[in-house]
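Me: Please take a close look at one part of this model, the open sheet and the aromatic rings. A connected account with the criteria spelled out would be appreciated.

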Amino acid sequence: MKRLAAVLMLALLVGACDSGPKGPGDLTGTVQSSGPALGGVVFQVVGSGIEKFTGTGGTKVFWAQQPDPKVFRVILVGESGGDLTFSTSVQDRSKGLPKATVASVVDLENRPLPVTGDFKVKFRR
């Protein structure tokens, strides 16, 4: 009897879990660097239901959808260094977060930096 009660309680708890906000909305994106201050970055984003990218916090954004509708090339240009922030409008926020791969990075004086694991693109709901 205790086992049945435990199983029912577990089923109720799992059923009550929320996977996060649903429906259209924005995801927050950040390009982080543990190294030098970033002036700009080029990266590729892969994700379903992406509609557009918008700069936030002084970051300018340029983007283009690639032949595959789930792939986008994104360029961020920052005004003062630090993390570069942007938002990504999506059709359904409950879907998986997009994945990004950094292709090119420049410092505040527009000098190329080697692309290393120090540069990460993070998305959150």
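Reply: V41 stands opposite L76 in β5. This position belongs to the pairing of strand β2 (residues 40–46) with strand β5 (residues 71–77), which run antiparallel and are joined by seven bridges. Strands are DSSP runs of E with at least two residues, helices being runs of H or I with at least four, and both are numbered from the N terminus; two strands pair if DSSP finds at least two bridges between them.

The model is predicted: local features need pLDDT of at least 70, side-chain atom pairs count only at pLDDT 80 or more, and totals for chains, interfaces and linings use all residues. Residues are numbered from 1 along each chain as its sequence is written, and side-chain values use heavy atoms, with hydrogens and water left out.

The open sheet has five strands in the order β4-β5-β2-β7-β8, with antiparallel pairing. Because β4 (60–65) and β8 (112–113) stand at the edges with a single partner strand each, one side of each is left without a neighbour in the sheet.

Turning to the rings, those of Phe, Tyr and Trp (its six-membered ring) pair if their centres lie within 6.5 Å; planes under 30 degrees apart count as stacked, over 60 as edge-to-face and the rest as tilted. By this rule there are six aromatic pairs. One of them is the tilted pair of F53 and F86, at 6.4 Å centre to centre and 45° between the planes. This pair links distant parts of the chain, with F53 in strand β3 (residues 50–56) and F86 in strand β6 (residues 84–90), 33 residues apart. One aromatic cluster is formed by F43, F53, W63, F72, F86 and F123.
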